[in-house]
Amino acid sequence: MLQFLFTIMEHLQTYHKRNLPHYYPHGEKIFVTFRLANTIPQNLLVEWIEQYQNELNNIKAPTNSAEHLQLRDDIGKRHFGRYDKYLDQESDILYLQQPEIAEIVKEALLYYENNLYKTLAYCIMPNHVHWVFDTSIQLNKPVDEYKNLSIFMKSIKGYTGKKCNEVLGKTGGFWQTESYDRVIRSDKELENIINYVLNNPVKAKLVENSRDWVYNFSIL
């Protein structure tokens, strides 16, 4: 099972406060999830935050002990599962299920391929995107030329938001401003995350086999 060491609390807080610090080390593998605007009601997010915080407060193990970190991870995984399940089953904002919209997003994900990153996996779902990539390709660049996640995500979301709105004939925000991201710490974790990403359409009952989802990709 995917271990969410970057907890759901940290993710949900970014929904309410845009200036929280994000850790973007050079040359790492990164998992990012971003979703369409307004796909989860704010009142529901607030409720989840309160539930998550209550569970954290009830942890009895010594702070930062191995047991404490494992319990935090278990709580975070459970709450992220609730978030992901809602997107898969409850949200009715599904613009990405339209092939023309999904193609715009796919092309944008690959725009900086082999320049700023190497894509390891992605899954474009009807209302959100999972993306795994390796930024080590930038390690040969001077430090002042390095482009981190926040820079190219702003470009990708800005471009696709404008293009997709044009296709849909709508205005306003297309993507939720913040996204979920974490640094991948090990090869085993990378394998788990990629499997999680590819299995999302199966879990959402959109296909029976992950290979049948047109907008799945993996190097595995």
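**Strands and their pairing**

Modeller: Both faces of S3 are covered, with His128, His130, Val132 and Asp134 buried on one side and Val129, Trp131 and Phe133 buried on the other, where buried means under 20% relative accessible area, exposed over 50% and partly exposed in between (1.4 Å probe, protein chains only). This is a predicted model, in which local features need pLDDT of at least 70 and side-chain atom pairs count only at pLDDT 80 or more, while totals for chains, interfaces and linings use all residues. Residues are numbered from 1 along each chain as its sequence is written, and side-chain values use heavy atoms, with hydrogens and water left out.

Colleague: Why two sides in a strand?
Modeller: Because side chains in a regular strand alternate between the two faces of the sheet.

Colleague: And how many bridges join S1 to S3?
Modeller: Seven bridges join S1 to S3 (residues 128–134), and the two strands run antiparallel; strands are DSSP runs (E, at least two residues), numbered from the N terminus, and two of them pair if DSSP finds at least two bridges between them. Within that pairing, phenylalanine 31 has valine 132 as its bridge partner, and lysine 29 stands opposite aspartate 134.

Colleague: How many residues of S1 are buried?
Modeller: Six of the seven residues in S1 (residues 29–35) are buried.

Colleague: Switching to S2, how does S2 connect to S3?
Modeller: A hairpin joins S2 to S3 through three residues, and six antiparallel bridges link S3 with S2 (residues 118–124), threonine 119 being the bridge partner of phenylalanine 133.

Definitions and conventions: Helices (H or I, at least four residues) and strands (E, at least two) are DSSP runs, numbered from the N terminus.
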